[in-house]
Amino acid sequence: MAFPRVVIERDTDTEQSSSEDEEEDREEGPFSESEEEVTENGCEEKIEEDLDAKRKGKAPITISLKKVCKVCKKPGHEAGFKGATYIDCPMKPCFLCKMPGHTTMSCPHRVATEYGVTPASHRNAGNPVEYVFERQLRPNMTYMKPAHVIPDQVNCAVIRYHSRRVTCLEFHPTNNHILLSGDKKGQVGVWDFYKVSEKIVYGNIHSCIVNNIRFNPTNDGTVYAASSDGTVSCTDLETGLALSLMNVNPNGWHGPRTWRMLYGMDINPEKGVVLVADNFGFLYLVDTRTNSRSGEPILIHRKGSKVVGLHCNPIQPELLLTCGNDHFARIWDIRRLEAGSSLCDLPHKRVVNSAYFSPSGSKILTTSQDNRLRIWDSIFGNLDSPSREIVHSHDFNRHLTPFRAEWDPKDPSESLAVIGRYISENYNGAALHPIDFIDITTGQLVAEVMDPNITTISPVNKLHPRDDVLASGSSRSIFIWRPKEKSELVEQKEEMKIIVCGKADKKQKHKFGDESEDSDDDTSKLKRKNVRSKKSRKS
């Protein structure tokens, strides 16, 4: 079945994608063209070349390739995807849970995501900090978990919206139907998904990957963006005019060892500061009032490591959560930012793709490359080890935007998280990569969202802060998901008839050829009475 409202961009409208993205789209992309004609023409050309070579007396060149494993680089066996089935390398442990003794197909975590996950234990308040948490923060949380509303049907989409793969998404803070997106090329798109065809892409803001987008908390008409070209921009959404606030590469390109790229970004609304971090472990502060950098860069992670995520606490913005390639997530106090002065270090086994505070600011959710989601139930308690670890397939980031698990901002129980899945599943003969909704308190898979038309991986997912809407970025396309009931209501609204009231009733009635309704009969009767009263007065 096709999508209800789809806009398909032609490749001539946007720039050609890179070879890597083209390979990705050919392998897994929706609406991919068949290559049978191309292969047939190629075989005919090869046969003609061989005949020409024989006529000239030259022997044709033959190349023999040995089967080499893509994982361990050794011959004799193969590993990887064959359709929807993942074949493990015999020299490596299970690809999903990273434990030896079984394969990915027989992994117990593949059967049940909650396997080996212990639910949160109830702890009594034993110190003053936990006492404050129980008295002030806990009453605002609902004890009965509400039923989760899952957007599981594609309502509208833009196919090949960007010229490169989508890297980040952000909903408008006040306008419910505006979605912003950034891509690998450096473009920023603005899309009104209520009116599917109303979209625009600004290509003059950045020259490289847009890694993060944040709205100005005091002016929702402007947006900040951090890019791998080493600049922070402030863009007016109506005009598309961008102002460069900071450039960490003022001397230009002098090789990859000196080139600084900006990844993590967030805004502290109380101090009016934009915080950005680079690929060398340093944090920068940009004052939004003067539109310039303030202070010197601060080393917050191991020198030379990439800082990929920054998040200020929603309730206490002085608390800053960072994560990076040095296998750590760290909590900082912005009021005393110094190298080595972190409040707490949260160790991980591999690279940490993302780290977020919960909407109440009391929990932490991280995504690591070791196929683990880690949850800390209270930032006031013991942070030496996570409260739970949930095994989930997201260990892949080559030619893909890294997977990031995010909270549902509308869930008062703070138990629902959304993340895309890397390992494909066989659904009626099609290899699909679903989007998972996980209950982080138990590790249970609440729902897996998929569509037979979307065969690409969806690593970028964003839940709407007010509506039951999910936006997902898959390759160069963007999809809007809604619950089935609400998506049907939207379609009905578009097919509603026009009801005209007032003086235009008579004109519209003759225009559309409609018969007179009860209301029209009443008005005609009133007119006849008025005419009769006027005649009686004249007589």
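K349 sits in the loop that links strand 20 (344-347) to strand 21 (352-357). The model is predicted. Side chains of opposite charge can pair when their charged atoms come close. In this structure the count of salt bridges comes to 20.

- K349 counts as exposed, because its relative accessibility is 64% and the cut-off for exposed is over 50%.
- K349 and D370 are 21 residues apart along the chain, and their C-alpha atoms are separated by 6.7 Å.

**The pair D278 and R260**
- A salt bridge joins D278 to R260, with 2.8 Å between the closest N and O atoms.
- D278 belongs to strand 14 (residues 273-278) and R260 to the loop between strand 12 (242-247) and strand 13 (262-268), so the pair ties together parts that are 18 residues apart in sequence.
- D278 is buried, with a relative accessible area of 0%, whereas R260 is partly exposed at 24% relative accessibility.

**The pair K462 and E406**
- The side chains of K462 and E406 form a salt bridge at 3.4 Å, N to O.
- K462 is in strand 31 (residues 460-463) and E406 in strand 25 (residues 406-407), so this pair ties together parts that are 56 residues apart in sequence.
- Both K462 and E406 are buried.

**R421, E425 and their network**
- R421 and E425 meet in a salt bridge, their closest N and O atoms being 3.2 Å apart.
- R421 is buried, and so is E425.
- Through shared partners, salt bridges join R110, R421, E425, D436 and E448 into one network.

Notes: Residues numbered from 1 in each chain as written. Predicted model: local features only at pLDDT ≥ 70, side-chain atom pairs only at ≥ 80, totals over all residues. Heavy atoms only, no water. Helix = DSSP H or I, 4+ residues; strand = E, 2+ residues; numbered from the N terminus. Buried < 20%, exposed > 50% of the residue type's maximum accessible area, 1.4 Å probe, protein only. Salt bridge = Lys/Arg side-chain N within 4 Å of Asp/Glu carboxyl O.
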